[in-house]
Amino acid sequence: MSNPRIEVDLSKIRHNTEIVVGLLKARGIRVTGVTKAVCGHPAIARAMLDGGAAGLAEARLSNVKRLRQSGITCPVTLIRTPMLSQVDDVVQVCEASYNTEIVVIAALAAAAIRQNTVHGVILMVEMGDLREGIMPQDLGEIAQQVVDMPGVALKGIGANFACLSGTAPTAPKMQALSILANDVEGQFGPFLQTISGGNSASLPWAFGARATGRINDLRIGEAILLGVDPITGDDIGGLYRDAFTLVAEVIETDAKSVRPLVSCADHTLARIQLVPDTSETTRIILAIGHQDTDAAGLSMPPGSTLIGATSDHLVIGTKDATLCVGSEMRFQLNYGALMRVMAAPDIQINLRNDRPLPIAHDAYGLSKHLALV
Ligand SMILES: *Cc1c(COP(=O)(O)O)cnc(C)c1O
């Protein structure tokens, strides 16, 4: 196996999806699996679908194309406002997209008419995160324009929380979103299929005791992939936190001081350096760096601490005397580190527990034959 590599346990991703889907189903909410952190990796997307995700969502068109090229046919929604320069491709590969700009929606509509189809539009409403979103007071007018526009169909509304500003979604905000959904339906007629109440940060609200109102969809990436609540970093009960493991190889070990060497021009400090370093910490270098991941987002094994990283090197202080040149070190990762790893050209992706092949049916006499072999 080559290094560095990321080991992906697909059965843990399937399991995490099943748990989240099961808990939300009881609350009348379906799960849209978000694959952007894994660059639309088709096997990981399939694990989400096998676990019960109702559809997929992506931020980047290149990732959607990757999903489609692998033969995934489920509904895919673009969750980042489409670029005006990409509308033709968006209409071609996505059933729907989240939108905030009427000029983009008009271009999507024109593209859909050219392609003899209808593109779904979900309007993103600003509910406090201050990233993308239409101000609630402007929603009615924009919804009206979408309803009147041939080529697009108003499929729903949604909100995003805890991305830019870190504000957690609250019950009153969710209730406000439900009321907006009712208002839009009351004013303009179309039944809104999707009322999307946010990302993994909305799970504590969704698992809580309060009524979920009209919210019937959440867009979940991090909780399924890493088993954590993105706001607190806490475990989500019953979910695996180690579906992904990064493996890197040691290329140098020595007993250099953990502190950087001081300049010999400074005689006072130079003398301090003459005191022998009595700590048992060994400094090791791994062949992985900023170009591959976010070093600060790696969980250090017990007894090891991150000293620093450069573009291609990771320097760690460790009390583990068994590590030598050629040894492998294993790390769990946070979302930012995972995202960089999955996009890095030098990291091999190693899939574990891929879907078992369907067992040959008895009628074909194959399973008996296989049993004899
Ligand atoms: C990234 C993203 C999500 C998924 O967020 P997670 O924290 O990974 O669940 C959902 N919606 C939008 C608009 C996003 O950009």
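Analyst: Welcome! Two strands count as paired if DSSP finds at least two bridges between them, and a strand (E, at least two residues) is a DSSP run, numbered from the N terminus. This is a predicted model, where local features need pLDDT of at least 70, side-chain atom pairs count only at pLDDT 80 or more, and totals for chains, interfaces and linings use all residues. Residues are numbered from 1 along each chain as its sequence is written, and side-chain values use heavy atoms, without hydrogens and water.

User: What makes E1 and E16 a pair, and in which sense do they run?

Analyst: E1 and E16 (residues 348-352) share five bridges in the parallel sense. At least two are needed, so they pair. Isoleucine 6 stands opposite isoleucine 349 in E16.

User: How do you know that E1 also pairs with E10?

Analyst: E1 and E10 (residues 244-254) are joined by four bridges, in the antiparallel sense. That again meets the cut-off of at least two, so this is a pair too. Here valine 8 has phenylalanine 244 of E10 as its bridge partner.

User: How many residues of E1 are buried, and which way do they point?

Analyst: Buried means under 20% relative accessible area (exposed is over 50%, partly exposed in between). In E1 (residues 5-9), five of five residues are buried. Arg5, Glu7 and Asp9 point one way, while Ile6 and Val8 point the other way. In a regular strand the side chains alternate between the two faces of the sheet.

User: Why is glycine 55 called buried?

Analyst: Glycine 55 has a relative accessible area of 5%. The limit is under 20%, so glycine 55 is buried. Glycine 55 belongs to strand E3 (residues 55-58).

User: What makes lysine 12 a charge over a ring?

Analyst: The rule asks for NZ of Lys or CZ of Arg within 6 Å of the ring centre and within 35 degrees of the ring normal. The charged end of lysine 12 sits over the ring of tyrosine 240, 5.0 Å from its centre. Arginine 219 sits likewise over the ring of tyrosine 98, with its charged end 5.1 Å from the centre.

User: How many aromatic pairs are there?

Analyst: Zero were found in the whole structure. Rings of Phe, Tyr and Trp (its six-membered ring) would need centres within 6.5 Å to pair; planes under 30 degrees apart would then be stacked, over 60 edge-to-face and the rest tilted.

Conventions
Buried means under 20% relative accessible area, exposed over 50%, partly exposed in between (1.4 Å probe, protein chains only).
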